Amino acid sequence: MYEITPQSPHPPFEIEERRRFLSLGLGLGVLISGSGLTGCSLMSSRKPVIGLALGAGAARGFAHVGVIKALEAQGIRPDIVVGSSAGSMIAALLASGATGSELNRLALNLDEATIADWGLPFSGRFGGLIKGDALQAMVNREVQNKPIEQMRIPLGIVATELQSGKGILFRSGNTGLAVRASCSVPGVFQPAVISGKEYVDGGLVAPVPVSYARQMGATFVIAVNISSEPGYQDASGTFGVMQQTISIMQRSINQYELKDADIVITPHLKQMSASDFKSRNAAILAGEVAAQEQMTTLKEKLKG
């Protein structure tokens, strides 16, 4: 503490210099304390909060597993993970504590028939061939019935509220049910009902949920884009037309969403369709290769 009195023996000019120095010191102190920084932190950079945004793409989602394996091999692990549609299932398993190798084993052993509980065609209020109960049960079994808020890694699951068309980010509640909602492709899955509201595919509003990763606090976002390119898809038949329509819409949304990502990893899946579960091994490999192609840039940006 400084004490300045009229009886100070110092000359007037020295008193004035001390006052200026004191004012400068106090002003800097207020600036530092107001910003929540310390003197040392002004000279150092904070560690980034890494968000992993896993996108929509049905069977193409196996590529997410390859990306995660490649990141883990380089010691890169997300602080936050967010998923849409197929990405929501991988995100939930990763957030619960599964490693890339465990996800790889689960993917290769997955029998798609175990998550396809067929209902009567177009039954119920909104139709849909698959009810979704089996998918919900499978996810909850794999995460040991942990709710979203109890995951090891903060988890966000994106779905679309059917009535309003708004994107919803689930941060708590039944994990399997949220994944079911996020994966409910209209016309294929029956909408999921949560608290009296119907929810459908998260890929309709966020094919790659970059903005939701930011919303959760990520300062560095790694986006994995597995959206189908319209030019490579078979647009024949009812489901072909529906998938082509979704691909066109997702490409338009991604043009804006992906701009906010720090790194975009796009596995080279080309003509792999959203229903091609037989090509899962190739999709996993494509994810690993795509991540390796971006690894040098990714590490440089993380250091910067």
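**Helix packing and cores in a predicted model**

Q: Is the crossing of H5 and H6 left-handed or right-handed?
A: In this predicted model, helix H5 covers residues 133-142 and helix H6 covers residues 175-182. Their axes come within 8 Å. The crossing of the two is right-handed.

Q: At roughly what angle do the axes of H5 and H6 cross, and what does that make H5 relative to H6?
A: Two packed helices are described by the angle between their axes and the distance between the axes. For H5 and H6 the angle is roughly 135°. An angle over 145 degrees would count as roughly antiparallel and one of 65 to 115 as roughly perpendicular, so H5 is, relative to H6, oblique.

Q: How do the residues of the contact of H5 with H6 divide?
A: From H5 come Asp-133, Leu-135, Gln-136, Val-139 and Asn-140. They meet Thr-175, Gly-176, Leu-177, Val-179 and Arg-180 of H6. By class, the residues of this contact are four nonpolar, four polar and two charged.

Q: Which residues touch the most other members of the largest nonpolar core?
A: In soluble globular proteins, nonpolar side chains tend to be buried together. The largest nonpolar core here has 63 residues. Touching the most other members are Leu-52, Val-81, Leu-155 and Ile-222.

Q: How many residues are in the other core that lies apart from the largest one?
A: Within the largest core, Val-81 is among the residues touching the most other members. Leaving aside residues up to four places away in sequence, Val-81 touches Leu-52, Leu-54, Ala-91, Leu-94, Ala-95, Ile-153, Pro-154, Leu-155 and Gly-156. Apart from that core lies another, which includes Ala-206, Val-208, Tyr-212 and Met-216. The residue count of this other core is 16.

Q: How many residues of helix H3 are buried?
A: Helix H3 spans residues 86-96 and is mostly covered. Its buried residues include Ala-86, Met-89, Leu-93 and Ser-96. After H3 comes Gly-97, with a positive phi near 125°. The number of buried residues in H3 is eleven of eleven.

Q: Why does Ser-228 count as buried, and what is its relative accessible area?
A: Ser-228 sits in the loop between strand E7 (220-224) and helix H8 (237-257). Its C-alpha atom is separated by 9.8 Å from that of Ala-58, 170 residues apart along the chain. Buried means under 20% relative accessible area. Ser-228 is buried because its value is 4%.

Q: What share of the chain counts as buried?
A: The chain has nine helices and eight strands. Among contacts between residues at least 6 apart in sequence, 73% join residues at least 24 apart. Of the 304 residues of the chain, the buried share is 47%.

Notes:
Residues are numbered from 1 along each chain as its sequence is written. This is a predicted model: local features need pLDDT of at least 70, side-chain atom pairs count only at pLDDT 80 or more; totals for chains, interfaces and linings use all residues. Side-chain values use heavy atoms; hydrogens and water are left out. Axes are lines fitted to C-alpha atoms, for helices over the stretch in contact, and angles run from 0 to 180 degrees between N-to-C directions. Helices (H or I, at least four residues) and strands (E, at least two) are DSSP runs, numbered from the N terminus. Angles under 35 degrees count as roughly parallel, over 145 as roughly antiparallel, 65 to 115 as roughly perpendicular and the rest as oblique. A crossing is left-handed if the near helix is turned anticlockwise from the far one by less than a right angle, and right-handed if clockwise. Contact means heavy atoms within 4.5 Å. Ala, Val, Leu, Ile, Met, Phe, Trp, Tyr, Cys and Pro count as nonpolar, Asp, Glu, Lys and Arg as charged, and the others, Gly among them, as polar. A nonpolar core is a set of buried Ala, Val, Leu, Ile, Met, Phe, Trp, Tyr and Cys residues joined through side-chain atoms within 4.5 Å. Buried means under 20% relative accessible area, exposed over 50%, partly exposed in between (1.4 Å probe, protein chains only).
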